[in-house]
Amino acid sequence: MSDSPDVPAHILDRLRTICLVLPEVHEQQAWVGRRWRIRTKTFAHVLCITDDYPPLHSREAPLVGDATVLTFRAAGEELHALSNSGLPFYKPRWHPQVVGMVIEDTADWGEISELLTESYCLLAPRKLVTQVGRPGPATDEQD
């Protein structure tokens, strides 16, 4: 299907743990890499970039060398913050809500879980979103 190397198993395992607990999510082989979908909409896609392949991803990711990258959806303030924060994040031009992330050895998997949950919630039907445990805004507890 592609000339791209396989995504490392330990990364796929972590992403599966995050994505497959969300309601009605399924995993698929993508044109390159793996993706997780809610119905027909992709909310997470992981792949490896090597030797400038795949060209679309290698042109958009600010990399020198090979890497494993994850793309997902974001909106509002989160989209703005991630798009302007620099590596490991970057903003591909092919869709206004897509954000890319280089998965480094020091990746914060708690943060990745939150980002993918939010990506799912942007695309999932409202009735499924209500089934997802999401952290609410921080509040000060008062006596």
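Ala 44 stands opposite Phe 72 in S4, where strands are DSSP runs of E with at least two residues, helices are DSSP runs of H or I with at least four, and both are numbered from the N terminus. This is a predicted model, in which local features need pLDDT of at least 70 and side-chain atom pairs count only at pLDDT 80 or more, while totals for chains, interfaces and linings use all residues. Residues are numbered from 1 along each chain as its sequence is written, and side-chain values use heavy atoms, with hydrogens and water left out.

The chain has five helices and six strands. Starting at the N terminus, the order of elements is α-β-β-β-α-β-α-β-β-α-α.

Strand S4 covers residues 67–73, and seven of its seven residues are buried, meaning under 20% relative accessible area, against over 50% for exposed and in between for partly exposed (1.4 Å probe, protein chains only). Ala 67, Val 69, Thr 71 and Arg 73 point one way from S4, and Thr 68, Leu 70 and Phe 72 point the other way. Two strands count as paired if DSSP finds at least two bridges between them. S4 pairs with S3 (residues 41–49) in the antiparallel sense over six bridges. S4 also pairs with S6 (residues 98–102), again antiparallel, over five bridges. Arg 73 has Val 98 in S6 as its bridge partner.

A nonpolar core is a set of buried Ala, Val, Leu, Ile, Met, Phe, Trp, Tyr and Cys residues joined through side-chain atoms within 4.5 Å. The largest such core has 35 residues, and Leu 15, Phe 43 and Tyr 120 touch the most other members. At least two residues of this core come from each of H1 (9–19), S2 (34–38), S3, S4, H3 (76–83), S6, H4 (109–123) and H5 (126–129). H4 supplies the largest share of this core, seven residues. Another core of eight residues lies apart from it, and includes Val 32, Ala 61, Tyr 90 and Val 102.

Contact means heavy atoms within 4.5 Å. Setting aside neighbours within four places in sequence, Leu 15 is in contact with Trp 36, Val 46, Leu 70, Ile 103, Trp 109, Ile 112 and Leu 116. Among contacts in the chain between residues at least 6 apart in sequence, 51% join residues at least 24 apart.

Gln 131 is in the segment after H5. Gln 131 counts as exposed because its relative accessible area is 53%. Of the 143 residues in the chain, 45% are buried.
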